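I opened the notebook to work through this model step by step.

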Amino acid sequence: MEIEKKFLVLKIPENLDQWKASVIQQGYLCTDPVIRIRRMDDQYMLTYKSKQGVQKVAGVCINQEEELPLTRESYQHLTGKIDGVLIEKTRYTMGYPSGGRTYKIELDIFHGHYEGMVLAEVEFPSEEEADQFVPPNWFAENVSDDCHYSNAYLATNCESLH
């Protein structure tokens, strides 16, 4: 189970080079349920996401999620079958202390079709912690409920939001 919140970013934090960075490409073979292929650095995977059997909570994204490894060749073969555009981004993974624990923030700086767009996601162990989370001051609006900011929507609708 994946419990997360997604935010627009008001200002990119300084000293990004102190955090782990990964280059990501991902495309979508299906959006309901979500079947995604992803290359993250030198790893390739197929991801299945579904909201089936998951209760909707306002301001929080909750999905059933399964990841399976792919070979480089399988990934390359499947990129020719994606709907829409290949999403390209650099992801910085950072820690953020809040409420006595440290949360993982994934800061995505988009390239290619969505050059300049910046989003941040935070994963939580429970809905309660997601509800109590106080975001850093460089976060802007919580867009967890706005489907226009899901990577699947961005890939298959090819709109510009920034």
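Is Arg 101 buried, partly exposed or exposed? I looked up its relative accessibility, which is 37%, so Arg 101 counts as partly exposed. One caution before going on: this is a predicted model.

**Entry 1. Arg 101 and its partner**

I checked Arg 101 for charged partners. It forms a salt bridge with Glu 129, and the closest N and O atoms are 2.8 Å apart. The two come from distant parts of the chain: Arg 101 is in strand E7, Glu 129 is in helix H2 (residues 127–132), and 28 residues separate them. Glu 129 has another polar partner. A polar contact of 2.7 Å joins its side chain to that of Tyr 103.

**Entry 2. Tyr 103**

I then listed its contacts, leaving out residues up to four places away in sequence. Among them are Met 94, Gly 95, Tyr 96 and Ser 98, then Val 122, Glu 123, Phe 124 and Pro 125, and also Glu 129 and Phe 133. The C-alpha atoms of Tyr 103 and Pro 125 are separated by 9.6 Å, with the residues 22 apart along the chain.

**Entry 3. Phe 133 and the rings**

Next I went to Phe 133. Phe 133 is buried, with a relative accessible area of 7%. Not counting residues up to four places away in sequence, it touches Phe 7, Tyr 96, Ser 98, Tyr 103, Val 122, Phe 124 and Phe 139.

I searched the whole structure for aromatic pairs and found 8. One of them is Phe 7 with Phe 133, a tilted pair at 6.4 Å centre to centre with 50 degrees between the planes. This pair links distant parts of the chain, 126 residues apart: Phe 7 lies in strand E1, and Phe 133 lies in the loop between H2 and strand E9 (139–142). At 4% relative accessibility, Phe 7 counts as buried.

Which residues do the ring pairs link into a cluster? I get Phe 7, Tyr 96, Tyr 103, Phe 124, Phe 133, Trp 138 and Phe 139.

I looked at one more pair. Tyr 44 and Tyr 75 are tilted too, at 5.2 Å centre to centre and 45 degrees between the planes. Tyr 44 sits in strand E4 (residues 43–50) and Tyr 75 in helix H1 (residues 72–79), 31 residues apart. Both Tyr 44 and Tyr 75 are buried.

**Entry 4. The nonpolar cores**

I turned to the cores. The largest nonpolar core has 21 residues, and Ile 105, Leu 107, Phe 133 and Phe 139 touch the most other members. Strands E1 (2–9), E6 (83–98), E7 (101–111) and E8 (118–123) each supply at least two residues of this core. E7 gives the largest share, 4 residues. A second, separate core holds 12 residues, including Tyr 28, Phe 110, Val 143 and Tyr 149. The general background: nonpolar side chains tend to be buried together in soluble globular proteins.

**Entry 5. Strand pairing**

I checked how E6 is paired. E6 and E7 run antiparallel and are joined by 11 bridges. Pro 97 has Thr 102 in E7 as its bridge partner. The hairpin of E6 and E7 has 2 residues between the strands, and Gly 99 takes a positive phi near 60 degrees there. Strand E2 (residues 20–31) also pairs with E6, in the antiparallel sense over 8 bridges. Ser 22 has Arg 91 in E6 as its bridge partner.

Arg 91 meets Glu 106 in one, at 3.6 Å from N to O. Arg 91 is in strand E6 and Glu 106 in strand E7, 15 residues apart. Both are buried; for Glu 106 the relative accessible area is 10%.

Glu 106 also meets Lys 104 in a salt bridge, again listed at 3.6 Å, N to O. Lys 104 is partly exposed, at 40% relative accessibility. Through shared partners, salt bridges join Lys 89, Arg 91, Lys 104, Glu 106 and Asp 108 into one network.

Notes:
Residues are numbered from 1 along each chain as its sequence is written. This is a predicted model: local features need pLDDT of at least 70, side-chain atom pairs count only at pLDDT 80 or more; totals for chains, interfaces and linings use all residues. Side-chain values use heavy atoms; hydrogens and water are left out. A nonpolar core is a set of buried Ala, Val, Leu, Ile, Met, Phe, Trp, Tyr and Cys residues joined through side-chain atoms within 4.5 Å. Buried means under 20% relative accessible area, exposed over 50%, partly exposed in between (1.4 Å probe, protein chains only). Contact means heavy atoms within 4.5 Å. A polar contact is a pair of N or O atoms within 3.5 Å; within protein, one must be able to donate a hydrogen and the other to accept it, and residues adjacent in sequence count only if both atoms are side-chain atoms. A salt bridge is a side-chain nitrogen of Lys or Arg within 4 Å of a carboxyl oxygen of Asp or Glu. Two strands pair if DSSP finds at least two bridges between them. Rings of Phe, Tyr and Trp (its six-membered ring) pair if their centres lie within 6.5 Å; planes under 30 degrees apart count as stacked, over 60 as edge-to-face and the rest as tilted.
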